[in-house]
Amino acid sequence: MVVGIGIDIQEVKPIEKMIEKYGDRFINRIFTPEEISYCKRKSNYQSYAARWAVKEAFFKGLGTGITKQSQFKEVSVKLKANGKPEIHLTGSIKKYVQEENLSINVSISHSGDYAIGQVILSRKG
């Protein structure tokens, strides 16, 4: 049973400006080391914007919003070998999703000036 849907579109330029202005200080507050490594290999700001959009979509789907900036790093976007994106959780967010018995489906895309993330949360069983 679907219990939440979140979608977010992110313009790439604001993410680019934040990274150029604050550099690693911004990147390390928002993204996990694995996400940073992936985005640096891609050498573009679209990958950062896409991961930002997925994180925003996730919290919208939960209906909780982001209560602490540190929660951004509790949600990580990883790609399976076949390219399918997955969300990996840590900390209080992981505990909450486990307690609520939720499964997560995610879609991510970017083109040109925009990135989009969509998350569907379903109750298992």
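Start by selecting Arg123 and Glu100: their side chains meet in a salt bridge at 3.1 Å, N to O (a salt bridge being a side-chain nitrogen of Lys or Arg within 4 Å of a carboxyl oxygen of Asp or Glu). Arg123 lies in strand E5 (residues 114–123) and Glu100 in the loop between helix H5 (91–99) and strand E4 (102–111), so the pair ties together parts that are 23 residues apart in sequence. Helices (H or I, at least four residues) and strands (E, at least two) are DSSP runs, numbered from the N terminus. Arg123 is partly exposed at 33% relative accessibility, and Glu100 is partly exposed too, at 30%. For these labels, buried means under 20% relative accessible area, exposed means over 50%, and partly exposed is in between, with a 1.4 Å probe and protein chains only.

A word on ground rules before moving on. You're looking at a predicted model, in which local features need pLDDT of at least 70 and side-chain atom pairs count only at pLDDT 80 or more, while totals for chains, interfaces and linings use all residues. Residues are numbered from 1 along each chain as its sequence is written, and side-chain values use heavy atoms, with hydrogens and water left out.

Stay around that loop and click on Asn101, which sits between H5 and E4. Its phi is positive, about 60 degrees, although Asn101 is not a glycine. Most residues other than glycine have a negative phi. Asn101 is partly exposed, with a relative accessible area of 34%.

Next, step back into helix H5 and pick Glu99. Is Glu99 buried or exposed? Glu99 counts as exposed, at 55% relative accessibility.

Now show H4 together with H5. The two pack at an angle of about 45 degrees, with their axes 13 Å apart. Here axes are lines fitted to C-alpha atoms, for helices over the stretch in contact, and angles run from 0 to 180 degrees between N-to-C directions. That angle makes H4 oblique to H5, given that under 35 degrees counts as roughly parallel, over 145 as roughly antiparallel, 65 to 115 as roughly perpendicular and the rest as oblique. H4 passes H5 in a left-handed crossing, the term for a near helix turned anticlockwise from the far one by less than a right angle (clockwise would be right-handed).

Which residues make the contact? Select Phe58, Phe59 and Leu62 on H4, then Ile93, Tyr96 and Val97 on H5; contact means heavy atoms within 4.5 Å. By class, this contact of H4 with H5 has six nonpolar residues, no polar and no charged. In this scheme Ala, Val, Leu, Ile, Met, Phe, Trp, Tyr, Cys and Pro count as nonpolar, Asp, Glu, Lys and Arg as charged, and the others, Gly among them, as polar.

The axes of H3 and H4 come within 9 Å and cross at roughly 145 degrees. On the H3 side, pick Glu35, Ile36, Tyr38, Cys39, Lys40 and Lys42; they meet Ser47, Tyr48, Arg51 and Lys55 in H4. The residues of this contact divide into four nonpolar, one polar and five charged.

Zoom in on Lys55 and Glu35, whose side chains meet in a salt bridge (2.9 Å, N to O). Lys55 lies in helix H4 and Glu35 in helix H3 (residues 33–42), so the pair ties together parts that are 20 residues apart in sequence. Lys55 is buried, at 0% relative accessible area, and Glu35 is buried at 0% as well. Leaving aside residues up to four places away in sequence, Lys55 touches Ile30, Phe31, Glu35, Phe72, Lys73 and Val75.

Between H3 and H4, look in the loop for Ser43. Ser43 has a positive phi of about 55 degrees although it is not a glycine, and it counts as exposed at 65% relative accessibility.

For the last stop, select Asp8 and Lys60, a salt bridge with the closest N and O atoms 2.8 Å apart. Asp8 lies in strand E1 (residues 2–11) and Lys60 in helix H4 (residues 46–62), so this pair ties together parts 52 residues apart in sequence. Asp8 is buried at 9% relative accessible area, whereas Lys60 is partly exposed at 43%. The salt-bridge count comes to five.
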